[in-house]
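Hello,

Here is the structure you asked to look over. My notes on it follow below.

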Amino acid sequence: ARSGQDTDSGCHSLHRRISVNSMPGVASSKKEFAASEMSIVLQECDDLIKSWVGGTLLIGIWAANPYAAPHIRLGNIVCCLIGVAGVFPALWVKRTADSQLLIQRSMYLEIIMYTIRLATHLLWILIDRDYLFWKIITVMALPLSSARQSQRFGAFKCYLLIHMLLCVYRFFDIYSEEGAWIVSALIACALFKDAAAQKDRERTMRILLREAYVANDHMHQRIQRIAQSNLLSALTYFCDAEVILNAKAQLSDASDRLDALVMRHISAGQDFLHCVDYSDRERVALEIESFLNVGDIANTEEDASAGEPQGVYMKSLEAHFIDKSSFPFPVQLFLASVPTSSGTGIVVGISEKRHVPNVAKKRPKQRREMLTRLNFETGFLEPCTPQWPKDFKPTPVSLLAASSPNLKEPHLRCRPDSPRPSPPSMLKAVI
């Protein structure tokens with residue numbers, strides 16, 4: 001039963017903080033990992049373009065040497081053209097906007113760059129295999145740049161194998177002076193292989209870290225859903241209705257229990273304050289706003305310090321609701337902040353305060369037993385109380401003493417003397 005009595009329900013608020021072991025929120029996901037990989041690929045493309053353009057300019061300057069042999073100058077010009085042609089695939093990959101397509105194209109770019117380097121090496125084997133400048137570039141510089149820009153370790157090993165076969169073909173006489181280039185190429189390839197392997201391990205660790213972050217993100221979302229479900233279940237047990245509000249104090253979903261409580265339909269997206277009585281509406285709005293501000297400030301401080309929220313904030317509030325007849329009735333509101341996809345939300349439990357009339361308990365009358373006595377004259381039981389009738393007048397002591405002359409002290413009772421026992425001689429004579 002609802003009571004229409006207006007009671008002073010001053011703002012009784014209670015802030016509580018319940019620590020939880022929360023996981024990192026949306027710290028990482030597949031999109032963020034793809035964005036990070038995209039930035040890494042773009043950076044490598046920029047480095048490739050810079051190094052390729054710098055090498056092409058250096059070869060172009062060397063090709064302008066008037067003292068170089070004609071075939072050397074021709075080879076330099078061809079290498080400049082190859083270098084200019086190698087810039088266009090890198091620019092094509094860099095212009096890709098989609099992250100997945102960018103990663104796929106970067107692998108194609110790796111194969112193209114390996115092919116250009118091997119073609120350059122084969123070109124100088126055919127032109128002049130003893131030219132020192134291009135010996136250093138083809139044997140040392142090109143494998144080093146390949147190791148620095150490698151994407152797949154297996155493809156890089158295939159490139160090193162072909163590169164070593166070309167070196168053996170170029171310096172076939174092992175025991176001559178040219179054989180030292182083969183040994184140096186083997187040592188350099190071993191170092192370049194370790195560098196490429198380290199880069200491949202870094203990529204593998206990034207993938208494993210991404211998978212761990214994604215699993216961590218899913219677990220955090222699952223914990224949030226479980227916590228929200230448990231909170232709603234608890235409010236369902238001891239409250240008459242429960243709703244979820246957004247940051248604008250609007251209902252996220254419709255609640256049948258709230259409709260039954262206020263005896264009218266409250267749809268999703270409607271302002272929660274429409275259920276509150278006009279006298280308490282402003283106060284409840286201020287309390288909800290302050291509750292959200294306190295939770296946001298605390299979460300911001302915790303995010304800055306620890307990188308993740310550490311608590312759930314709760315609050316209780318007394319107010320009046322109105323039903324479809326605009327009849328006010330007192331309720332107790334329980335507020336709790338929960339994270340949602342659109343930001344911080346509020347779970348509100350509504351418990352109607354039943355009016356219990358303040359009536360003192362009547363004590364049962366104890367029945368007193370009446371003492372009675374038997375009247376021998378009449379044969380009836382007469383009450384013993386009162387012991388004396390109202391018109392009873394006691395006899396004075398002087399009259400009692402006058403009527404009993406032998407009793408000097410009527411208020412004292414004297415016990416008579418006991419008879420003296422007979423002597424033993426008389427008892428024997430009697431026997």
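Confidence and what was found

pLDDT, the predictor's confidence in each residue from 0 to 100, stays under 50 over residues 1-28, for which the model has 71 contacts (heavy atoms within 4.5 Å) beyond four places in sequence. Residues 300-310 also have a pLDDT below 50, with 19 contacts beyond near neighbours in sequence. The protein chain averages a pLDDT of 75, and 71% of the residues score at least 70.

This is a predicted model, in which local features need pLDDT of at least 70 and side-chain atom pairs count only at pLDDT 80 or more, while totals for chains, interfaces and linings use all residues. Residues are numbered from 1 along each chain as its sequence is written, and side-chain values use heavy atoms, with hydrogens and water left out.

Buried residues (under 20% relative accessible area, 1.4 Å probe, protein chains only) of α2 include Gly 83, Cys 79 and Cys 80.

The axes of α2 and helix α3 (residues 99-127) come within 10 Å and cross at roughly 175° (lines fitted to C-alpha atoms over the stretch in contact, with angles from 0 to 180 degrees between N-to-C directions). That makes the two helices, α2 and α3, roughly antiparallel (over 145 degrees). Among the residues that meet are Trp 92 in α2 and Leu 102 in α3.

Regards

Terms used
Buried < 20%, exposed > 50% of the residue type's maximum accessible area, 1.4 Å probe, protein only. Helix = DSSP H or I, 4+ residues; strand = E, 2+ residues; numbered from the N terminus. Parallel < 35°, antiparallel > 145°, perpendicular 65-115°, else oblique.
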